[in-house]
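Here's a quick briefing to read with the model open beside you. Take it one topic at a time and find each part on screen as you go.

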Amino acid sequence: MMHPPEQIATGRLLLRKPLIEDADAVFREYAGDPEATKYLTWKTDEESSQAADYLRKALCDWQEGRIFSWAICLQGSGRVIGMIDARVDGYMLNIGYVLGRAHWNKGYATEALSAVLHWADAEEDVGRVWAVCAVENHASARVMEKAGMKREGTLRHWMVFPNLGGVPMDCYCYAHVKG
Ligand SMILES: CC(C)(COP(=O)(O)OP(=O)(O)OC[C@H]1O[C@@H](n2cnc3c(N)ncnc32)[C@H](O)[C@@H]1OP(=O)(O)O)[C@@H](O)C(=O)NCCC(=O)NCCS
């Protein structure tokens, strides 16, 4: 089983294992925001108890080595502004990320993703890191490009986004491989 670091520091951010106590910040920053959750695979939360349920599951998934989620915090303040996770599937990691709208376009997602890729590079059990985004989610595609991932193609009708009508949408597949 992989044992990723519970904390990863970058120039401006601290990625850390989340706490149940982060529920209010998670709800306020992004989970309760229809705009921030538009291109995510789960429905916008209606109350912070749903964020608490998610965090309880995330901690269980970490314990079991299934999914590693890091709360994205601003260095110094400790304030949670987003989340990035790595889902384990054999030698592959599938990445997802989100930031609160107030923090978009400052390079934070690129900084967080680059840090997770850097860790994955050093992890000998990992051979491929990949992620998808809706073809119209230009900001997310740009983040993956800036972090050095390569676009491999378009996966047609690949994913259902419940906040966007629940129909399967085309996605770009990006990946980073070793060697
Ligand atoms: C996608 C997301 C994580 C990006 O976070 P971020 O911290 O703003 O990303 P960065 O600042 O590192 O980079 C964003 C890039 O996208 C560009 N961008 C932003 N909005 C854009 C748009 N509508 N069209 C084209 N490019 C856009 C920015 O200009 C920037 O590129 P640049 O540095 O070349 O100027 C954030 O928008 C978010 O949380 N969105 C909602 C959740 C989501 O979609 N998650 C990804 C699911 S696949």
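In this predicted model, helix α4 (138–146) gives the most to the shell around the ligand, with five residues.

**Around the ligand**
- The shell has 20 residues, and Ala-109, Thr-110, His-138, Ala-139 and Arg-142 come nearest to the ligand.
- Besides α4, strand β5 (92–99) and helix α3 also supply at least two residues each.
- Sorted by class, you'll find 12 nonpolar, six polar and two charged residues in this shell.

- A handy reminder: strands of a sheet pair through backbone hydrogen bonds, either parallel or antiparallel.

- β1 and β2 (residues 13–16) are antiparallel partners joined over three bridges, and they form a hairpin with three residues between them.
- Look for Ala-9 here: its bridge partner in β2 is Leu-14.
- Next, β2 and β3 run antiparallel, with four bridges joining them.
- Leu-14 turns up again in this pair, standing opposite Cys-73 in β3.
- β3 (residues 67–74) then pairs with β4 (residues 80–89), again antiparallel, over seven bridges.
- Cys-73 has a bridge partner in β4 too, namely Val-80.

- In soluble globular proteins, nonpolar side chains tend to be buried together.
- The largest nonpolar core here has 50 residues, and Val-26, Ile-72, Ile-84, Ile-95, Ala-112, Leu-113 and Val-116 touch the most other members.
- Helix α3 (residues 108–122) gives the most to this core, with eight residues.
- Click on Ile-95 for a closer look: setting aside neighbours within four places in sequence, Ile-95 is in contact with Ile-84, Ala-86, Leu-113, Val-116, Val-129 and Ala-131.

- Ser-49 belongs to helix α2 (residues 48–64).
- Ser-49 and Phe-27 are 22 residues apart in sequence, and their C-alpha atoms are 8.6 Å apart in space.

Definitions and conventions:
Residues are numbered from 1 along each chain as its sequence is written. This is a predicted model: local features need pLDDT of at least 70, side-chain atom pairs count only at pLDDT 80 or more; totals for chains, interfaces and linings use all residues. Two strands pair if DSSP finds at least two bridges between them. A nonpolar core is a set of buried Ala, Val, Leu, Ile, Met, Phe, Trp, Tyr and Cys residues joined through C-beta atoms within 7 Å. A residue is buried if 20 or more other C-beta atoms lie within 10 Å of its own, exposed if 12 or fewer, and partly exposed in between; C-beta atoms are placed from the backbone. Two residues are in contact if their C-beta atoms, placed from the backbone, lie within 7 Å. A residue is near a molecule or strand if its C-beta atom, placed from the backbone, lies within 6 Å of it. Ala, Val, Leu, Ile, Met, Phe, Trp, Tyr, Cys and Pro count as nonpolar, Asp, Glu, Lys and Arg as charged, and the others, Gly among them, as polar.
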